[in-house]
Amino acid sequence: MIELIGPDAEAFCHAQFASDVKSLAPGQWQWSAWLTPKGRVIALFALCRISADRLVLVLPDAPVGEVVTGLQRFVFRKKVQVRLSSLQVSGVFAQAAAAAGDRLAGDDETGFELDRSDAGQPRHWRLQTLPAAADDNAASCWRACDLRCGLPRLDPAQREQWTPQQLSLERFAAYSVKKGCYPGQEIVARTHFLGKAKRQLVLMEATAGVSPGQRVGDGEREVGDVVSVASEGPTRLLLAVMPLERNASTWKIADANAQELALRDPLAR
């Protein structure tokens with residue numbers, strides 16, 4: 001996790017991240033993304049506003065040290081510190097005791113709760129200074145839940161490859177086309193206003209193991225790309241960037257067959 005602290009923390013985040021940070025009140029959180037100048041997603045994260053001059057980034061995948069170093073290059077004379085947070089995150093498969101929707105609950109002493117429930121699964125994040133015991137099975141289940149609601153989990157090779165529209169991040173309100181300049185904003189806004197988004201993120205279930213970066217085809221030609229993969233018991237789930245217009249009912253990924261599934265609504269709780 002990463003903290004940004006200081007009088008200019010809000011302005012710095014608003015200028016660097018794709019979401020409308022100025023609309024985020026203390027005690028709230030939102031999804032956001034940091035993009036390259038070409039509009040490709042470097043990192044997707046939950047942006048939490050703890051107080052007026054303190055914001056915390058919860059990054060499911062991106063290496064926090066690299067992101068801290070990258071953000072520090074843009075601080076210049078702004079009154080903001082970008083640093084690793086003492087808080088650590090753990091996932092709990094249960095309804096949060098006090099947090100709900102975009103409202104945080106808690107404090108530094110007891111820890112914070114962040115509601116991650118979707119239309120199919122109650123769950124929440126705990127942000128606290130004491131580390132939780134590692135549970136690989138729980139982490140795998142958590143990743144599968146993320147994929148089921150369309151949240152892309154970006155392995156290293158998938159970073160800086162996709163625009164927010166290709167990853168369907170509008171489903172998470174993770175970017176704005178109206179708030180003004182941020183890295184990649186011109187590409188994002190042009191794609192939106194000229195209607196040039198031709199691909200979207202699709203959930204699939206595969207009959208065999210697949211890997212990020214593999215191509216998705218209809219038996220005659222390859223039309224899509226696997227972005228994220230998770231196991232859910234015997235089930236292999238994946239998110240793939242696919243054309244908006246497609247006709248096949250069964251897809252091929254190497255030797256595996258794949259069927260499209262309906263995504264859960266990530267904002268319905």
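Predicted model: local features only at pLDDT ≥ 70, side-chain atom pairs only at ≥ 80, totals over all residues.
Leaving aside neighbours within four places in sequence, Glu222 is in contact with Arg215, Val216 and Gly217, where contact means heavy atoms within 4.5 Å. Glu222 belongs to strand 12, residues 222–232. Strands here are DSSP runs of E with at least two residues, and helices are runs of H or I with at least four, both numbered from the N terminus. With a relative accessible area of 52%, Glu222 is exposed; the term exposed stands for over 50%, buried for under 20%, and partly exposed for what lies in between, with a 1.4 Å probe and protein chains only. Between Glu222 and Trp251, which are 29 residues apart in sequence, the C-alpha to C-alpha distance is 9.5 Å.

Residues are numbered from 1 along each chain as its sequence is written, and side-chain values use heavy atoms, with hydrogens and water left out.

Thr235 is found in strand 13, residues 235–243, and is buried because its relative accessible area is 17%. Beyond its neighbours within four places in sequence, Thr235 is in contact with Glu205 and Ala230. Asp8 lies in the loop between strand 1 (2–5) and helix 1 (9–16) and counts as partly exposed, at 24% relative accessibility. With neighbours within four places in sequence again left aside, Asp8 is in contact with Lys78, Lys79 and Val80. The C-alpha atoms of Asp8 and Val58 are separated by 20 Å.

Val58 brings us to strand 4, residues 54–58. How many of its five residues are buried? Five of the five are, and the strand is mostly covered. Arg54, Val56 and Val58 point one way, while Leu55 and Leu57 point the other way.

Which strands pair with strand 4? Strand 1 does so in the antiparallel sense over four bridges, pairing being assigned if DSSP finds at least two bridges between two strands. Within that pairing, Glu3 has Val56 as its bridge partner. Strand 3, residues 41–51, also runs antiparallel to strand 4 and is joined to it by five bridges. Ser51 stands opposite Arg54, and strands 3 and 4 form a hairpin with two residues between them.

In general, strands of a sheet pair through backbone hydrogen bonds, either parallel or antiparallel.

I close with a question about the second largest pocket: which element supplies the largest share of its lining? Helix 2 does, with three residues. Strand 2 (28–35) and helix 2 (64–72) each supply at least two residues of that lining.
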